[in-house]
Amino acid sequence: MLADDMACNARNEYPAQVFNNENHKLNLYGDNVEVDYRGYEVTVENFLRVLTGRHENAVPRSKRLLSDEGSHILLYMTGHGGDEFLKFQDAEELQSHDLADAVKQMKEKRRFKELMIMVDTCQAATLFNQLQSPGVLAIGSSLKGENSYSHHLDSDIGVSVVDRFTYYTLAFFERLNIYDNASLNSLFRSYDPRLLMSTAYYRTDLYQPHLVEVPVTNFFGSVMETIHTNSAYKAFSSKISNSKSNPEMPLNQLSEHDANIPNDELKNEKQKCPYSQMRADLHKKLEKLENVDTVVNLSIAVMVVVVMVSSSLLR
Amino acid sequence: MDNTDGRNLRSSESWNHAGRPFITTSVLFSFLLGVPFLWKSVEIYRSPLPFHDIDSLSDQIESTPLRFPCNFHAVFVGFRSTDPDNLRSQIQDGINQLTHQNSQCGSCNFSLSVTVQNRDDQCSETLAHSSTTCSYRCGVIKRNVFGVGVDDTVDESLNDVFSGCSEESGKMYSVVVVNKENANGEDEVKAVVGKGRHAWIVGNGLEERYGDMVARVSEIFVKVFMNGGREEDSIQGEFMPVGSDGRIVLSFSLLNSNPRDWVYDWDFQRIDEALLAPVTKALAPIANISVESQVLYHTPKSSFSSWDKKLQSYIFRTSALPFFVNSNEWHLDTSAGASGRSKILQFVVYIPSGKECPLLLQLPNGEISKTNGFISPIWGGVIVWNPGNCDKDSESSSRNTISPQDLEQIVEIFLGQFRQLFGFKSEAFYTSGLGTYKILPSDRGFTEWELDVLSTKHTCFNLHSCSTTLGSLSRLVRSLPRMIIKDEIGEQVKYSLKAAKLAQSNASLGEYSSSASSSREARSLAENAFFHPSIMSVSYFSYEHCFAVYSPFFLPVAGHVVLAALREWKRYKQEKAKYLTWLTRKKTA
């Protein structure tokens, strides 16, 4: 959800690019960034709808959170905020009790196994004060009464490009490669209060596993749990070995076998729709024609003649 | 004497009983008359939800786990001197030991019967307490059928013997133990589980190893027929990939990683009609399955592989599997037919580029995978298929089609993965401490008894999910007293409760598939009610807010009117007292 689409802002001198520092080394709006909600669609109501899953029927799948009881969700929020709220679009606020309520409903409906909330605003730690659902890990960039600061100003573009908390998080991940097994503990310990100019506070009372044992790929990097398939299910090979040798392709053989099973419905389904059969025949005939152009020209001429004859008859 | 509070009171003769009090009371009365109209206008419509029924359903599901009736029948052929009653009690003990007497949801409420058929084809049997109408006709099973023929023929013949018995209360599962007395006396014991609801154990000299046989028979009943050969799920629901609207969409994608090297196509329509249609039909009570397919191009993978000289191919390890699916560049979830709450299972056939061909998966123990495929629970599966020859120059980038034989092999691997996603094993045998059982594969993807296990497990899961959803909904509705509850939600809750009751009654009658479909309907209606878009707490205000909105309009004026009425009432009482004293004085005077 991006309320201000900075990459496509008319005042952005580097269109479709958002950098993380003034060297313009890293384009954060990379090749495959997908933004689902932008501009005026970013409202507290839509945000809570995404979390709880209560959309209108017509909302497409790309705008829904398609999670289930085994999912790990990363929720990252940044912007202006204060004591127990986060500002949306300069007009609304997301209150901490609304967020806690939405998370509680998500947990009741088993929409996640583990949820990680990262907040980068002023007084960020107050936003997850009211959370009570198990399986939630939350970290904020500053405590109550503290501000969070931006990292540096890019004088070329004219705005501050990144906040401190976000900058150091990105820096941590840039140092890793795909097979490093870094833990969340190392991520959280990498935040230095002197560099952040605020205290990054995290709460783990609702999160059971120890942070030292949890890899960062649990939440970052779209990593899946995989199980190897040991063998194929030889449902068809046994049939082929039993039947007589037949040079035809096995699929045709199989359809014969299916017909032998006393299952009449399968036979009926084999009859193709006559309309599509007709179309297929016509298509085959047309493909056999060598000079399609002359046929088309001829038929147009015939059509013109027919029109002229019929209009003269009608007069 | 007349001036009680210093005000200028009229003289008592001309006291008008009505007048001031009448005016004030009429104003007060008109205000009070408006209150019901105001109340009606701020009333919100809440369709009455049957909270009591919802609570009783969840209590019922928690306290009495659902059990299905099933009948177990053991036939011992070729045994001379065994007492069926003894066998029956031994098998029963064995079963009870294996199930640890626990009655979790979906377990079998079984009744056991044993038949012993001796060498001369004479039978003695003990029937279970509930007499079944389908009794075993003595001598139908011949010893010479077993062992010699192929397993499929044995399976067919046993199917003919036992197939008449499935309509009674619960299904009938049979195990046949055949004692052959061969001259060459092989010591091997073969145990095969058929495609129908029967299994057989064949061997020599089984009468001596009779305790072992009893243990194996109990194991077949419990581990294979009741549990389906699968272990318990770690996360409840990890192997239940049915969407909350009761639908699954199987989305097949053929990924051409680098079309400049080669482009492959497949004749999906044929395999859909011939090979996949029986599977979707078999699973119809459990989920409404639809199939779609697509071919994608320019889909590199994000993990790395290394060249192995000995195997002359590129190797990727199981440690790279979690990173294999490149969700940035693989646009898999493009289904137009799936609604928001369906479950999509992605089945990807990945064709590697020329730079990484052939690409083989190496398991942690050093072996090369036979299938080159893996699954991710509730997501789907991936198969890496290498083109026949990896020589880039011979193939121009013309279109090639995957041959039907290769396609069939791919579909077999896919069926294995599909079974894995439902919690079964992809290989067709079951190993335990007592031995190995060969399981005959069925062309519907699942055998009859596996479908029974699926039906019972899904019924349990759906009913549990339905009751927790309805419980959450009722708690939510009760916590927001000013939230509008539409009629639609009330209807869905009502039908969901009805379907849940139907599922429970069907289960107690032993109708596995109809209980599965009713429970699926119950769950989908409950989820529709819960996820109705109008239930958003942000949009509704509390009582305090309502009060805060209306009080500035009515409170000030209402305050004055009420105060005036009270004061008039006090004045009326004083005036009346004065009048009465004046009257009595007049009378006495």
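## Where chain B meets chain A

Let's start with one pair: A:Asp68 and B:Lys343 form a salt bridge, and their closest N and O atoms sit 3.4 Å apart. Keep in mind that this is a predicted model. In total, four salt bridges are counted between chain B and chain A. Here's a tour of the rest of the interface.

**Which parts of chain B take part**
- Six elements of chain B each give at least two residues to the side that touches chain A: the helices α6 (268–282), α7 (404–421), α8 (448–479) and α10 (512–530), plus the strands β12 (343–351) and β14 (373–376).
- Sorted by class, the side of chain B that touches chain A has 34 nonpolar, 26 polar and 16 charged residues.

**How much surface is involved**
- If you count residues in contact, you get 76 from chain B and 53 from chain A.
- Together, the two chains bury about 5,900 Å² between them.
- Of that buried area, 55% is on carbon and sulfur atoms.

- Strand β10 of chain A, residues 227–228, pairs with β14(B).
- The two strands run in the antiparallel sense, and the pairing spans two bridges.
- To find one of these spots in the structure, look for A:Ile227, whose bridge partner in β14(B) is B:Ile375.

Note on methods
Residues numbered from 1 in each chain as written. Chains lettered and ligands numbered in written order. Predicted model: local features only at pLDDT ≥ 70, side-chain atom pairs only at ≥ 80, totals over all residues. Heavy atoms only, no water. Contact = heavy atoms within 4.5 Å. Buried area = accessible area lost by both parts, 1.4 Å probe. Salt bridge = Lys/Arg side-chain N within 4 Å of Asp/Glu carboxyl O. Helix = DSSP H or I, 4+ residues; strand = E, 2+ residues; numbered from the N terminus. Nonpolar A, V, L, I, M, F, W, Y, C, P; charged D, E, K, R; others polar. Pairing = 2+ DSSP bridges.
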